[in-house]
Amino acid sequence: MGEIEDGEADHITTDVQGQKCALVCECPAPESVSRKDNLPFLNAVLKNPVCKLYRFPTSDNKWMRIREQMSESILSFHIPKELISLQIKEDLCRNQELKELGELSPHWDNLRKNVLIHCDQMVNMYQDILTELSKETGSSFKSSSNKGEKTLEFVPVNLHLQRMHVHSPHLKDALYDVITVGAPAAHFQGFKNGGLRKLLHRFETERRNTGYQFIYYSPENTAKAKEVLSNINQLQPLIATHADLLLNSASQHSPDSLKNSLKMLSEKTEHFVHAFKDQLVRSALLALYTARPGGVLKKPPSPKDGTEENSSQDPPPPMRRQDSIPHHSDYDEEEWDRVWANVGKSLNCIIAMVDKLIERDADSEGSSGGGQDGEKDPSLVDSIITHPKEDWYEQLYPLILTLKDCMGEVVNRAKQSLTFVLLQELAYSLPQCLMLTLRRDVVFSQALAGLVCGFIIKLHTSLHDPGFLEQLHTVGLLVQYEGLLSTYSDEIGMLEDMAVGISDLKKVAFKIIEAKSNDVLPAITGRREHYVVEVKLPARMFEILPLQIKEGQLLHVCPVLFNVGINEQQTLAERFGDVSLQESINQENFELLKEYYTVFMEKMPPDYISHFQEQNDLKGLLENLHQNIQAKKRKNVEIMWLAATICRKLNGIRFTCCKSAKDRTSMSVTLEQCSILRDEHQLHKDFFIRALDCMRREGCRIENVVKNIKCRKYAFNMLQLMAFPKYYRPPEGTYGKADT
């Protein structure tokens, strides 16, 4: 039955009861699923593809053709290098701000010195790791045997795109993609004390109960301090640039240009002022001036209430930069309000002056119109004569200078006080605090590399789907992770790391820009609390996008994780241990998935939603998933299948992870592929197991095993196989030693 597909490599046939159930051949190159002009973009991300072709019978005895492809991604190394470079810059900036904190009392100064010593050591470590990664030019794969390598700890383990392309006699050709990757975890640091979920909770509890020598700020306040500092660093140079553009417009005597420049200056200055409308800044100022040594104050006279403050059009008195926040004994609690308000007053003076200059210019043009509006006031004429065009620059320059001075004073005080907040977190527990940051950076880097790869592949395959593009900028992108880790021994720590790393992806947004060169690799901007990944598209692809995306709208993701342990260690956990971690993760992420579904139903057009409801009852699938999570059934793999189905129905990205994405992951993705063929493409029911065995014996996943451990056997022993759920066991002769 059937003929061998065209190909250059050896082929394998599987005979069962005299019939050939599958014909397989290796392909010399991946198939072009989309337009050829899109291939350079895709080839910039994917490397070293392995392809297999199959033919399986359908329920009506026709043939379906399946193309299985597995590809590495150069993003495995590119994203960590981008991220580490950003983190080094962020940490160097923080260290400099700590040094510029000003004079502190001996207690706080000693703490600062200790913090700086450790922070400098961490920066040196990051720089060494980046240097080593930079030597890996062209690398696109980290094997499972290297997951404990120090220099590669930021790189995801065994990251691949697993793709199935189905040519069915009944339906349109269909693509099914899954990103397979080792669970994001800090393998080099180990799991003796647990993973991030436990370590962060313990750290925060201990810090909250610390002694008198530290000031406790909640994680939310610490994050807020970092956010305000970031806003300051972004807005101050922007305001200075727009102020200079305003002066340039004034020198050109262009009313329209002056109005536009003023509008941009006003918007950025209002954002700047708004950034300080937070009680945290005020409390941080109070904390800092109590940490100053006595007798260092050199405080200039504070601006007094008077006629200047009553007039919004008169500039505030020029402020002098000072080296310290006022000492407690001299501190005027309302002084910060006055310093902060001076920025707004300076802007009001500039607005009033611009209005006056434009009005005067209009009157001047009117007077030159031959007196058509009647006699002009002589005093007005004199005013026009004595204010020639070049006066615009001279009139605005001192006001702009005052704005910059006032803004500098605010920045100096706010930066120092908020840096003092960050000092509390760092000083509490050295080096544990920095090691926690390192661990979180490592895990996040691995998770981000996979996410960026998945996003780019999804964008590429769905670029001509208007519904998906609308969903992308309206609701965001669902990203569903399937975890196969047990809740026993070291894998508990891995799962705790993975849960935090995936949750941290919520602080990532994507921005699609037009590529200006042949370099289409993504770039990253931002800081630890908020990263933006810029995805570059060639011009022809960029033009397809909706206007909102082309204009730079940030595209958000909704990451969710569902984990079901399936090996013999999970059997031990269920009988003698604790599975509460898995239950909590699944319940928490179900709530996130339900929230995404609710937003999807509210924001997407009714005709688009009706199409989804015709395909499948999403609400029913969600209810079924919730029931299975609540049931607390042992090794309930139905949770995985339901979550994966919902993800595909909602145009999401699928991930499958185990410790190294090699053995359990291979069993899962091959089962998923054959289940899709059976449920969506009418695979003959008698050939389900045969197709499954064929994919596991001769398909891409056994090649993945060879790439990782140089052995053509899945790393399972008989005890593990006995513990696996149905359909998760490999065929005879394809398994060997236990997983390491």
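Is the crossing of α2 and α3 left-handed or right-handed? I looked this up first.

**Entry: the model**

I note that this is a predicted model, in which local features need pLDDT of at least 70, side-chain atom pairs count only at pLDDT 80 or more, and totals for chains, interfaces and linings use all residues. Residues are numbered from 1 along each chain as its sequence is written, and side-chain values use heavy atoms, with hydrogens and water left out.

**Entry: α2 and α3**

I take helices as DSSP runs of H or I with at least four residues, and strands as runs of E with at least two, numbered from the N terminus. The axes of α2 (residues 75–99) and α3 cross at roughly 160° and come within 10 Å. This makes α2 roughly antiparallel to α3, a word used for angles over 145 degrees. The axes are lines fitted to C-alpha atoms over the stretch in contact, and the angle runs from 0 to 180 degrees between N-to-C directions. The crossing of α2 and α3 is left-handed; that is, the near helix is turned anticlockwise from the far one by less than a right angle. I sorted the residues in the contact of α2 with α3 by class and found 14 nonpolar, five polar and six charged. Nonpolar covers Ala, Val, Leu, Ile, Met, Phe, Trp, Tyr, Cys and Pro, charged covers Asp, Glu, Lys and Arg, and polar covers the others, Gly among them.

**Entry: positive phi**

I found Asn158 with a positive phi of about 55°, although it is not a glycine. Asn158 lies in the loop between α3 (106–134) and β5 (160–167). Asn158 is buried at a relative accessible area of 0%, where buried means under 20% (1.4 Å probe, protein chains only).
Ala661 is not a glycine either, and its phi is positive at about 60°. I place Ala661 in the loop between β12 (653–657) and α22 (664–681). Ala661 is buried, with a relative accessible area of 0%.

**Entry: α24**

I checked helix α24 (residues 700–709) and found it mostly covered, with eight of its ten residues buried. Among them are Cys700, Ile702 and Val705, and also Arg701 and Lys707.

**Entry: cysteines**

How many disulfides does the structure hold? I count zero, taking a disulfide as a pair of cysteine sulfur atoms within 2.5 Å. For Cys406, the nearest cysteine sulfur is that of Cys349, 9.1 Å away. Cys406 is buried, with a relative accessible area of 1%. Cys647 is buried, with a value of 0%.

Conventions: Buried means under 20% relative accessible area, exposed over 50%, partly exposed in between (1.4 Å probe, protein chains only). Angles under 35 degrees count as roughly parallel, over 145 as roughly antiparallel, 65 to 115 as roughly perpendicular and the rest as oblique.
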